[in-house]
Amino acid sequence: MKQHFSFIFALLTTHLAFAQITDPKATEVWEPVPPKVTPGIFPGSPPSDAIILFDGKDLSQWRKCALGYGGKMEDVEAIAKKYGSEIREEPAGWEVKDGAMIVKPGTGAIETKQAFGDVQLHVEWLAPVDPGKEGQQYSNSGVFLMSNYEIQVLNSYENTTYPNGQAGAVYKQSIPMANASRPPGEWQSYDIVFTAPRFDKAGKVLKPATITAFHNGILVQNHFELKGPTIYIGHPYYVQHPDKLPIILQDHGDKVRFRNIWVRAL
Ligand code: MG
């Protein structure tokens with residue numbers, strides 16, 4: 001009975017609380033005050049709080065990818081065991097020319113020296129004109145968030161492939177909502193919002209990773225919940241990893257170019 005009364009009492013007071021609000025100021029929230037961020041000069045220019053990963057000059061923010069990325073889940077599991085161990089830092093083998101960094105096929109993927117978790121990432125890329133190439137072989141690269149979660153880079157302008165592997169796809173997991181590709185030889189942009197997966201102490205996923213992405217300003221991924229890391233063969237599942245990991249750019253054997261890369265740690 002006592003419980004019954006307290007329930008009715010709670011209900012009444014809640015109603016009263018709502019009913020009593022007549023002052024518009026009562027719903028104004030004054031804190032926290034957002035930090036000031038000065039926008040870049042042009043759309044795509046880095047804002048004042050961005051970490052510049054490549055400004056056209058050098059590869060000082062990058063190194064050769066130390067641990068690689070998974071082709072199958074067993075690779076992912078093996079790599080995950082090596083996180084946190086001492087790595088031998090080797091220089092990134094890619095070329096810098098005309099304000100762009102260019103994949104040097106065979107030198108391997110590169111990764112940021114700094115590790116990141118939740119980010120807003122801006123990347124510009126160019127798929128070179130390469131007549132005779134098609135499908136996944138036509139200017140393939142990729143942006144791997146946290147070393148594990150790939151947004152595909154590919155010439156997808158009049159080049160057919162499986163849609164969950166075309167430009168703007170979360171590779172093998174999510175078809176882009178639009179084909180926003182420009183022809184090969186033209187610069188394109190990705191603006192990506194990534195939230196890292198959250199794990200509990202036992203390694204169970206509390207919250208999956210999510211990706212929102214714009215390709216040339218067009219929404220292609222809308223808060224997609226990843227099923228796990230990007231793999232080429234098989235079905236993914238989550239494997240616990242550190243809260244922050246490098247961003248990897250893929251060497252898939254094609255001379256894809258990148259420029260104006262910046263990130264905001266969220
Ligand atoms: Mg790729």
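Trainee: Which residue takes a positive phi in the hairpin of E12 and E13?

Mentor: Asn216 does, with a phi near 50 degrees, in a hairpin that leaves two residues between strands E12 and E13. This is a predicted model, in which local features need pLDDT of at least 70 and side-chain atom pairs count only at pLDDT 80 or more, while totals for chains, interfaces and linings use all residues. Residues are numbered from 1 along each chain as its sequence is written, and side-chain values use heavy atoms, with hydrogens and water left out.

Trainee: What makes E12 and E13 strands, and how do you know that E12 is joined to E13?

Mentor: Strands (E, at least two residues) are DSSP runs, as are helices (H or I, at least four), and both are numbered from the N terminus. Two strands pair if DSSP finds at least two bridges between them. E12 and strand E13 (residues 218-225) run antiparallel and are joined by five bridges, so they meet that definition of a pair. Within this pairing, Ala213 has Gln221 in E13 as its bridge partner.

Trainee: Why is E12 called largely enclosed?

Mentor: Buried means under 20% relative accessible area, exposed over 50%, and partly exposed in between, with a 1.4 Å probe and protein chains only. Five of the six residues of E12 are buried, so the strand is largely enclosed by the rest of the structure. Ile211, which sits in E12 (residues 210-215), has 0% relative accessibility and therefore counts as buried.

Trainee: Which residues does Ile211 touch, once those up to four places away in sequence are not counted?

Mentor: If contact means heavy atoms within 4.5 Å, the partners of Ile211 include Leu145, Ile151, Val170, Ile192, Phe194, Phe224 and Leu226. Leu226 is 15 residues from Ile211 in sequence, with a C-alpha to C-alpha separation of 7.5 Å.

Trainee: Are Asn140 and Ser141 buried or exposed?

Mentor: Asn140 has a relative accessible area of 2% and is therefore buried, and Ser141, at 0%, counts as buried as well. Ser139, in the loop between E6 and E7, is also buried, with a relative accessible area of 1%. Leaving aside neighbours within four places in sequence, Ser139 is in contact with residues including Ala127, Val153, Asn155 and Asp254.

Trainee: Why does Glu134 not count as buried?

Mentor: Glu134 has 59% relative accessibility and therefore counts as exposed. Glu134 lies in the loop between strand E6 (119-126) and E7, and its C-alpha atom is 35 Å from that of Ile51, which is 83 residues away along the chain.

Trainee: Which strands stand at the edges of the open sheet, and what makes them edges?

Mentor: The sheet has five strands in the order E2-E5-E14-E7-E8, with antiparallel pairing. Strand E2 (62-64) and E8 each have a single partner strand, so one side of each is left without a neighbour in the sheet. Inside this order, strand E7 (residues 141-145) is joined to strand E14 (residues 248-249) by two bridges, and Phe144 stands opposite Ile248 in E14.
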